[in-house]
Amino acid sequence: VAPEREGVTARVFLGNLYAGLEQFQMAERYYREALSLEPRRRQALNNLASIYVTQGIKLDEAEQLARAALAEAKPGTHDRQEHVYLETLGEVLLRQGRHKEALENFEKAETLTENGKALWLVHLYTNMAHAYEGLGRMDEAREAERRAEELRRSAGP
């Protein structure tokens with residue numbers, strides 16, 4: 001592995017660490033450093049978009065970043081993280097009030113997660129419920145919330 005590539009991976013991991021600690025400025029710094037070395041690094045693109053969504057800032061840029069991460073996923077290869085990129089894009093669209101588009105991305109993400117991790121699916125179904133609510137589809141919103149709660153309970157403490 002080339003030293004530059006290791007440097008990119010380290011920077012993405014540091015960004016993830018700081019994002020987990022909610023030190024978003026430091027996370028942004030490391031994701032941007034990773035992207036300066038490898039501009040098409042999917043994880044850095046997606047995770048930078050994700051911290052913007054979490055903070056409710058730079059949503060137009062977050063949309064571009066999430067779409068870029070998705071575009072870098074290998075079409076037709078079932079990229080292992082494609083569902084994550086779709087979900088991030090859905091979150092951006094949800095924050096922008098674009099409920100129908102958000103829901104379409106959440107539904108695509110759901111189809112790609114045959115054996116998704118329970119906690120990730122809880123997050124996905126909660127986002128889907130918000131999108132359904134925004135569209136006035138309350139029965140479907142309640143069903144998505146029910147699925148999220150069922151998974152939350154089965155995942156344990």
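In which hand of crossing does α4 pass α5? The crossing is left-handed, meaning that the near helix is turned anticlockwise from the far one by less than a right angle (clockwise would be right-handed). Please keep in mind that this is a predicted model, where local features need pLDDT of at least 70, side-chain atom pairs count only at pLDDT 80 or more, and totals for chains, interfaces and linings use all residues. Residues are numbered from 1 along each chain as its sequence is written, and side-chain values use heavy atoms, with hydrogens and water left out.

**Helix packing**

- Helix α4 (residues 59-72) and α5 have axes that come within 9 Å and cross at roughly 160°, which makes α4 roughly antiparallel to α5.
- Helix α3 (residues 42-55) packs against helix α5 (residues 82-95) at an angle of about 30°, their axes lying 10 Å apart, so α3 is roughly parallel to α5.
- α3 also passes α5 in a left-handed crossing.
- Helices here are DSSP runs of H or I with at least four residues, numbered from the N terminus.
- Axes are lines fitted to C-alpha atoms, for helices over the stretch in contact, and angles run from 0 to 180 degrees between N-to-C directions; under 35 degrees counts as roughly parallel and over 145 as roughly antiparallel.

**A residue in α3**

- From the C-alpha atom of Q43 to that of T113 is 18 Å, and the two residues are 70 apart along the chain.

**Two loop residues with positive phi**

- Most residues other than glycine have a negative phi.
- E22, which is not a glycine, has a positive phi of about 60°; E22 lies in the loop between α1 and α2 (24-37) and counts as exposed, at 60% relative accessibility.
- K58, also a residue other than glycine, has a positive phi near 45°; K58 is in the loop between α3 and α4 and is partly exposed, with a relative accessible area of 40%.

**A nonpolar surface patch**

- L14, L17 and L21 form a nonpolar patch on the surface, with about 260 Å² of accessible area together (Shrake-Rupley method, 1.4 Å probe).
- Such a patch joins nonpolar side chains (Val, Leu, Ile, Met, Phe, Trp, Tyr) within 5 Å, from residues with over 30% relative accessible area and no salt bridge, a salt bridge being a side-chain nitrogen of Lys or Arg within 4 Å of a carboxyl oxygen of Asp or Glu.
- L17 belongs to helix α1 (residues 3-20) and is partly exposed, at 49% relative accessible area.

Conventions:
Patch = residues over 30% accessible without salt bridge, like charges linked within 9 Å, V, L, I, M, F, W, Y side chains within 5 Å. Buried < 20%, exposed > 50% of the residue type's maximum accessible area, 1.4 Å probe, protein only. Parallel < 35°, antiparallel > 145°, perpendicular 65-115°, else oblique.
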